[in-house]
Amino acid sequence: MSKTKKKSKPSAANLDFSNTEIAFAYKSNKELKKAGWLFSLMNKTWLVNPLSDLGLLAMKLHVPFTKSIVRETMFRQFVGGRTLLESTTAIEKLYEFNIQSVLDYGAEAKTTEHEFNKTMNENIRAIEFAKINQSTPVVVSKISGIARFGLLEKIQKDRSGLPKSVLVEYRNVLKRIDSICYAASINGVSVMIDAEESWIQDTIDHIADLMMKRYNKERVVVYNTFQMYRHDRLKFLTSSYDKAQKYGYLLGAKLVRGAYMEKEGGRAKEQGYPTPIQPNKQATDDAYNMALRFCIDNYKAIASCAATHNEESSRLQAEMIDEKGIQKDHPHLNFCQLFGMSDNLTFNLADAGYNVAKYMVYGQVNEVFPYLIRRAKENTAVSGDMSREYGLIKKEMDRRKL
Ligand SMILES: Cc1cc2nc3c(=O)[nH]c(=O)nc-3n(C[C@H](O)[C@H](O)[C@H](O)COP(=O)(O)OP(=O)(O)OC[C@H]3O[C@@H](n4cnc5c(N)ncnc54)[C@H](O)[C@@H]3O)c2cc1C
């Protein structure tokens, strides 16, 4: 990412992602035990679904103590704090280990113009915070947080002949995202535009391309996100690169597998169109790794971020950087995981001298609650096994004889 950070001690490219001593060095015994308890609860599939529904209801009905229980458990594990200031403790702690933070205002499902402006202001406030902190080079922007979902969908569906009211509403969206990217541009910060559902993604891609063309002339201010679980995205990545070359700007590419697989498949089936998703996990993994390779092969013109919890892909990127003899902390080559997850990747990569960051979600408890439910569901046991996170924490607890 674009800001320089503290120099890390040099270490071998010989990564050991099973090294839990390095992964959890920042956690005291008490903190580790608490995380172990939380992940053991999330490990129970039969408990997570009813508890999530109950939690949502309790939050809606303002049942006493709900917020404080959530704050002391899930929130503490996966969220930096209610505000940027409150997140500073987590950000600074990570930075002691050479890990940067990507600021992600976690409020979701906004619907009014007032709320969209509020989110924009929150993004700009985060940029101003990022400007004065070496530990925070990037801010996240989710287009559905500054625009009505139905509007993005409508624009994607019928590009021509849109009524004036729609065009005016869309112009306001463009003004909002432009204000965010402009603020980032003049303050030495970058913006990652998240990828969302395929039926609004064309509109998001169009907006991201406009912003990259405007702001990525000298450095990568804006990153678009490429969901490699879609079978058309490798082609889209190469065409985005061609476009950037043609118009003389740098491409920002955050690479993810994709978070809406069930929703995508379900909608395609319901509406009778071919699914945009790859035929199987292997195809997604292959496409993801090819995308990594493409970005590294063209790293002078593309700044990329491997946003993944997948060990193999993370290792592959590290190996390719080494093979090509590129400096490990080149600002165009980055890794990123979510705060509270996959510390074994983050801390071992940072220890080896690569550029690593955590997506640091922040927001009020009720605002980030849907995000927390997704994290809980993601960490339930798969077919009776222990979840990946729980296994790692348990291993470290055993090592420390806790
Ligand atoms: C820092 C960060 C930022 C992110 N930003 C976004 C974002 O902007 N937009 C977004 O959509 N997601 C985003 N994600 C989530 C991401 O897309 C994945 O859902 C999540 O990270 C799990 O994938 P993985 O690469 O970590 O690894 P893995 O656990 O190896 O892969 C799981 C993923 O593989 C894919 N998959 C699983 N089964 C199949 C199958 N049968 N067929 C085809 N594909 C399959 C799915 O995408 C699934 O999520 C982000 C993740 C991180 C860590």
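**Close-up 1. Contacts of Glu264 in the predicted model.** Leaving aside residues up to four places away in sequence, Glu264 touches Ser198, Thr275, Pro276 and Ile277, as seen in this predicted model. Glu264 itself belongs to helix α11, which covers residues 261–271. Because 20 other C-beta atoms lie within 10 Å, Glu264 is classed as buried, the threshold for that class being 20 or more. Ile193, which is 71 residues apart from Glu264 along the chain, has its C-alpha atom separated from that of Glu264 by 20 Å.

**Close-up 2. The crossing of helices α7 and α8.** Helix α7, made of residues 149–157, and helix α8, made of residues 164–186, have axes that come within 11 Å and cross at roughly 115°, and the crossing in which α7 passes α8 is left-handed. On the α7 side the contact is made by Leu151, Lys154 and Ile155, and on the α8 side by Val166, Glu169 and Tyr170.

**Close-up 3. The largest nonpolar core and the surroundings of Val139.** The largest nonpolar core holds 108 residues, of which Val139, Val222 and Leu255 touch the most other members. Helix α9, spanning residues 198–215, contributes the largest share of this core, namely seven residues. Around Val139, and again not counting residues up to four places away in sequence, the residues touched are Leu103, Asn123, Ala126, Ile127, Ala130, Ala184, Val189 and Val191.

Notes:
Residues are numbered from 1 along each chain as its sequence is written. This is a predicted model: local features need pLDDT of at least 70, side-chain atom pairs count only at pLDDT 80 or more; totals for chains, interfaces and linings use all residues. Helices (H or I, at least four residues) and strands (E, at least two) are DSSP runs, numbered from the N terminus. A residue is buried if 20 or more other C-beta atoms lie within 10 Å of its own, exposed if 12 or fewer, and partly exposed in between; C-beta atoms are placed from the backbone. Two residues are in contact if their C-beta atoms, placed from the backbone, lie within 7 Å. Axes are lines fitted to C-alpha atoms, for helices over the stretch in contact, and angles run from 0 to 180 degrees between N-to-C directions. A crossing is left-handed if the near helix is turned anticlockwise from the far one by less than a right angle, and right-handed if clockwise. A nonpolar core is a set of buried Ala, Val, Leu, Ile, Met, Phe, Trp, Tyr and Cys residues joined through C-beta atoms within 7 Å.
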